[in-house]
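Please read it alongside the model.

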Amino acid sequence: MELAFYLSGLVAVLATLGVISGTNAVHALLYLIVSLIAVAMVYFALGAPFAGALEIIVYAGAIMVLFVFVVMILNLGEGAAEQERLWLKAGTWFGPSVLALVLLGVLVYSLWQGDAGRVIEGETLTAKAVGTTLFGPWLLVVELAAMLLLAALVTASHVGRMWPAKPNDKGRGGDQ
């Protein structure tokens with residue numbers, strides 16, 4: 001499992017470099033998803049399958065939903081179709097695809113060698129341990145994060161409903 005740990009860590013670092021060095025938001029998003037999946041593989045290699053599953057479900061899944069939400073809010077219009085055609089070129093998907101194939105190779109190698117049950121060292125992180133920690137000494141932080149996310153959701157909903165002001169509205173905002 002050490003090989004899986006180091007290769008997944010390398011893919012995570014390379015994908016993160018792709019995120020911060022990219023100039024296109026969609027390309028950066030693809031690299032970010034690969035990076036998050038690589039970090040989940042690191043968790044699996046360290047013997048924390050629950051943390052790895054949470055990484056994939058919450059972060060990689062939530063990032064995709066957030067991206068779709070932002071695209072819906074922006075309402076890009078006619079020019080977006082041409083831009084999407086440009087994004088579908090092979091060069092756009094090459095980097096994230098290569099890194100994802102490396103992760104797939106690590107996974108297949110680990111399963112083939114029978115190392116799936118081995119861990120590097122440490123205790124297995126269970127759902128009960130996470131719940132006890134989050135809702136024990138970290139309860140206030142969890143509640144504050146929930147309130148912050150609720151405020152962001154309400155704000156995004158309000159901003160998404162706003163319409164541009166028309167000249168005959170006499171100073172009224174466009175949220176009718």
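**Notes on the model**

1. Tyr6 is exposed, at a relative accessible area of 54%. Here buried means under 20% relative accessible area, exposed over 50%, and partly exposed in between (1.4 Å probe, protein chains only). Phe5 counts as partly exposed, because its relative accessibility is 23%. A search of the whole structure finds one aromatic pair. Phe5 and Tyr6 form that pair, edge-to-face, with 5.2 Å centre to centre and 75° between the planes. For the term: rings of Phe, Tyr and Trp (its six-membered ring) pair if their centres lie within 6.5 Å; planes under 30 degrees apart count as stacked, over 60 as edge-to-face, and the rest as tilted.

2. A word on the basis. This is a predicted model, in which local features need pLDDT of at least 70 and side-chain atom pairs count only at pLDDT 80 or more, while totals for chains, interfaces and linings use all residues. Residues are numbered from 1 along each chain as its sequence is written, and side-chain values use heavy atoms, with hydrogens and water left out.

3. The chain has seven helices and zero strands. From the N terminus on, the order is α-α-α-α-α-α-α. These elements are DSSP runs numbered from the N terminus: helices are H or I with at least four residues, strands are E with at least two. Of the 176 residues in the chain, 23% are buried.

4. Helix α5 covers residues 90-113, 24 residues in total. From first C-alpha to last it reaches 33 Å, close to the 34 Å expected at 1.5 Å a residue. That expected span is 1.5 Å times one less than the number of residues. Even so, α5 has a kink of about 30°, centred on Pro96. The bend at a residue is the angle between axes fitted to the seven residues ending there and the seven starting there. Just after α5, Gly114 takes a positive phi of about 80°.

5. Which residues of α5 are buried? They are Thr92, Gly95, Pro96, Leu99, Leu103, Val106 and Ser110. As background, an α-helix has 3.6 residues a turn, so residues three or four places apart point the same way.

6. Leu99 and Val11 are 88 residues apart in sequence, yet 6.0 Å apart in space, C-alpha to C-alpha.

7. Ser8 lies in helix α1 (residues 2-21). Is Ser8 buried or exposed? Ser8 is buried, because its relative accessible area is 0%.

8. On the surface, Ile37, Phe44, Leu54, Ile56, Ile57, Val58 and Tyr59 form a nonpolar patch. Together they have about 590 Å² of accessible area. Areas come from the Shrake-Rupley method with a 1.4 Å probe; for residues, only the protein chains shown count as cover. Patch members have over 30% relative accessible area and no salt bridge; like charges are joined within 9 Å, nonpolar side chains (Val, Leu, Ile, Met, Phe, Trp, Tyr) within 5 Å. A salt bridge is a side-chain nitrogen of Lys or Arg within 4 Å of a carboxyl oxygen of Asp or Glu.

9. Helices α2 (25-45) and α3 (49-74) each supply at least two residues of the patch. The most come from α3, with five. Ile56 lies in α3 and is partly exposed, at 36% relative accessible area.
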